[in-house]
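Biologist: Could you take me through this chain with the cut-offs spelled out as we go?

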Amino acid sequence: MSRNKVVDWRPCDCGNKRGFACEHEAKKALGRAQAKRTRRADAQGTRRGMHMESRHYECEYGTWHLTSESRSSYEKRVRVC
């Protein structure tokens with residue numbers, strides 16, 4: 001018995017990011033992405049220079065995205081603009 005563990009996503013209207021329908025799906029995708037990156041880093045022996053998704057957020061188009069940018073970095077960037 002095989003199980004499909006892929007999280008469904010669609011291209012978002014905001015650009016070239018994957019858009020998840022709800023926060024639950026984004027959290028699930030985030031967990032899977034982090035596990036994948038951790039397995040790869042452990043196989044390589046280092047995590048240096050790896051792109052690691054760390055949180056999810058809702059965009060203005062109503063879909064959810066994954067990002068490696070920290071919340072504090074995002075808030076600083078938004079305040080400046």
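The questions and answers below go from the overall fold to single residues.

Modeller: This is a predicted model, in which local features need pLDDT of at least 70 and side-chain atom pairs count only at pLDDT 80 or more, while totals for chains, interfaces and linings use all residues. Residues are numbered from 1 along each chain as its sequence is written, and side-chain values use heavy atoms, with hydrogens and water left out.

Biologist: In what order do the elements of the chain run from the N terminus on?

Modeller: Helices (H or I, at least four residues) and strands (E, at least two) are taken as DSSP runs and numbered from the N terminus. The chain has two helices and four strands. Read from the N terminus, the order is β-β-α-β-β-α.

Biologist: What share of the 81 residues in the chain is buried?

Modeller: A residue is called buried under 20% relative accessible area, exposed over 50% and partly exposed in between, with a 1.4 Å probe and protein chains only. Among the 81 residues of the chain, the buried share is 25%.

Biologist: Why does R37 count as buried?

Modeller: R37 belongs to helix 1, which covers residues 23–44. Contact here means heavy atoms within 4.5 Å, and, leaving out residues up to four places away in sequence, R37 touches M50, H51, M52 and E53. R37 counts as buried because its relative accessibility is 15%.

Biologist: Is E23 buried or partly exposed, and which residues is E23 in contact with beyond its neighbours within four places in sequence?

Modeller: E23 also has its place in helix 1. With a relative accessibility of 34%, E23 counts as partly exposed. Setting aside neighbours within four places in sequence, the contacts of E23 are H56 and W64.

Biologist: How many Å apart in space are E23 and R48?

Modeller: In sequence, E23 and R48 are separated by 25 residues. Taken C-alpha to C-alpha, their separation in space is 29 Å.

Biologist: Which residue lies over the face of W9?

Modeller: A charge sits over a ring if NZ of Lys or CZ of Arg is within 6 Å of the ring centre and within 35 degrees of the ring normal. At 6.0 Å from the ring centre of W9, the residue over the face is R18.

Biologist: How far apart do the centres of the positive and negative side chains lie?

Modeller: Lys and Arg count as positive and Asp and Glu as negative, whereas His and the chain ends are not counted; each charge is placed at NZ of Lys, CZ of Arg, CG of Asp or CD of Glu. The chain has 19 positive and 10 negative side chains, and the distance between the centres of the two sets is 7 Å.
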